[in-house]
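Me: I would like to go through the side-chain contacts of this model with you. Please keep the answers plain.

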Amino acid sequence: MSDREIVEAALFAAGSAVEIQKLQKILDKDKKQVTKIVETLIRDYEKRESGLEIVDLGERYVMQVRSKYSDIIRPFAPRELNSPMLRTLSMIAYHQPVVQSDIVDMRGNKAYDHIRELQDRGFIESTPHGRTKLLSTTPLFADYFGLEKNKPELIRNKMIELSKQQSGKEGLDRWLGRRFVGFTPMYESLAQMCGIKDYRMVDAYNPTEQELQTLDTVYKMVISRGYKEEVEKHYSGEIIEAGSTTFDDLAEAVNILKSEGDPARVKETLELLEELKNEYRSRAMTISARVTPQTEMVARIVKDLHIGVSKDGILIAPDYETNTSGEEIGRKADILVPSHRNLEGGLIERVKSKYDAVIKGLRKAEEGKAI
């Protein structure tokens, strides 16, 4: 196969302008060599009695039908989907089966025209669903986008790829119609702390079929630190790993989400967190005992309270007995700090419970020594 034949095949397959850099890459030749090959091909097509031509667009080349044949072949040419219609189709394909009213809610009244034409062209089908319609893609849709089967998972991945090409990573969520911030159950109170009224609560770690559909409407998902890789198996949007050990952790999460919430509520929450941190530090000032934190979580609490640390100090550990590696933790501890699995209530109450356990435990230990 010659270089000339490769260029010809590439221009034919592309269906649109091809940059010279791409041709350089597939031929593994420099710019001057590729330019010479394409110019030779252009001249060759000019000499032929052919309905096709290759046009130089300035370091971009396109193979197209000669203008004099355009009107004749128009009935045979597939109509391209314009960007607004393609975006409507992407939302239908990504969220399918989806009710028409939801698509109109996301795209506006113009979506009715898009849906009508997409049906006429055979890309989608609709079935009655109460007072509205349920929309889904057809086998023709799969053929058009080069998919082997009209399967929702294949289609969803294709829509993500297409959306990134059209609008980049930052515009992906807007393109697919994701509208809500998602929170795992433990972090629901964070939504309230930020004044986020319209949100979705979902188990993103091990979602059910229903929860997977909910994830499709979420463009930011708030989860516990350390579980991002697990959640990425089910979710392709932005993931926010939030901490919940200290008041500063909560403040950091609130600051990350402040653009999604109510400014007055965010300000109020941040002020409360700062007040609580200072209050607990004041309560810990009279503690002279030194401690030995057995985990990073405990060490962070101790550090925040400005409590001294030593190798032979009072042993403090979480109450979960073993760590993720199966090693025993806390069986010989003097003070046990409650972990999330043994706590109830919102995030602020959970952090307060941990700090209370440390301060009360140390005061009790000091009283015992004094006796």
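Me: To begin with, are Phe183 and Tyr199 buried or exposed?
Reply: Please note that this is a predicted model. In it, Phe183 is buried, and Tyr199 is buried as well.

Me: How many aromatic pairs does a search of the whole structure find?
Reply: The search finds five aromatic pairs. One of them is formed by Phe183 and Tyr199, an edge-to-face pair with 5.6 Å centre to centre and 85° between the planes.

Me: Which strands hold Phe183 and Tyr199?
Reply: Phe183 belongs to strand S7 (residues 180-183) and Tyr199 to strand S8 (residues 199-201), so the pair ties together parts that are 16 residues apart in sequence.

Me: And what is the geometry of the pair Phe247 and Tyr280?
Reply: That aromatic pair is tilted, with 35° between the planes and 5.7 Å centre to centre. Phe247 lies in helix H13 and Tyr280 in helix H14, so parts that are 33 residues apart in sequence are tied together by the pair. Phe247 and Tyr280 are both buried.

Me: Which cluster do ring pairs link Phe247 and Tyr280 into?
Reply: Ring pairs link Phe247 and Tyr280 with Tyr355 into a cluster.

Me: Still on rings, where does the charged end of Arg200 sit?
Reply: The charged end of Arg200 sits over the ring of Phe180, at 3.7 Å from the ring's centre. Another such contact involves Arg48, which lies over the face of Tyr45, 4.2 Å from the ring centre.

Me: Changing topic: how many salt bridges does a search of the whole structure find?
Reply: The search gives 20 salt bridges. Among them is the one between the side chains of Asp249 and Arg300, at 2.6 Å from N to O.

Me: What about Lys277 and Glu274?
Reply: Their side chains meet in a salt bridge of 3.6 Å, N to O. Lys277 and Glu274 are about one helical turn from each other, because they are three residues apart in helix H14 (residues 263-284). Lys277 is buried, with a relative accessible area of 10%, and Glu274 is partly exposed at 39%.

Me: And where do Lys352 and Glu349 lie?
Reply: Both are in helix H16 (residues 347-370), three residues apart, which is about one turn of the helix.

Me: Which residues do salt bridges that share partners join into one network?
Reply: The network consists of Arg4, Glu8, Asp44 and Arg48. Arg48 is also the residue that lies over the face of Tyr45.

Me: Back to H15, which of its residues are buried?
Reply: The buried residues of H15 are Met297, Val298, Ile301, Val302 and Asp304. Viewed down the axis of H15, these fall within an arc of 165°, so they line one face of the helix.

Me: What does the face of H15 turned away from its buried side carry?
Reply: That face carries the exposed residues Glu296 and Lys303. Just after H15, His306 adopts a positive phi of about 60°.

Technical notes. Residues are numbered from 1 along each chain as its sequence is written. This is a predicted model: local features need pLDDT of at least 70, side-chain atom pairs count only at pLDDT 80 or more; totals for chains, interfaces and linings use all residues. Side-chain values use heavy atoms; hydrogens and water are left out. A salt bridge is a side-chain nitrogen of Lys or Arg within 4 Å of a carboxyl oxygen of Asp or Glu. Helices (H or I, at least four residues) and strands (E, at least two) are DSSP runs, numbered from the N terminus. Buried means under 20% relative accessible area, exposed over 50%, partly exposed in between (1.4 Å probe, protein chains only). The arc is that of the directions from the helix axis to the C-beta atoms. Rings of Phe, Tyr and Trp (its six-membered ring) pair if their centres lie within 6.5 Å; planes under 30 degrees apart count as stacked, over 60 as edge-to-face and the rest as tilted. A charge sits over a ring if NZ of Lys or CZ of Arg is within 6 Å of the ring centre and within 35 degrees of the ring normal.
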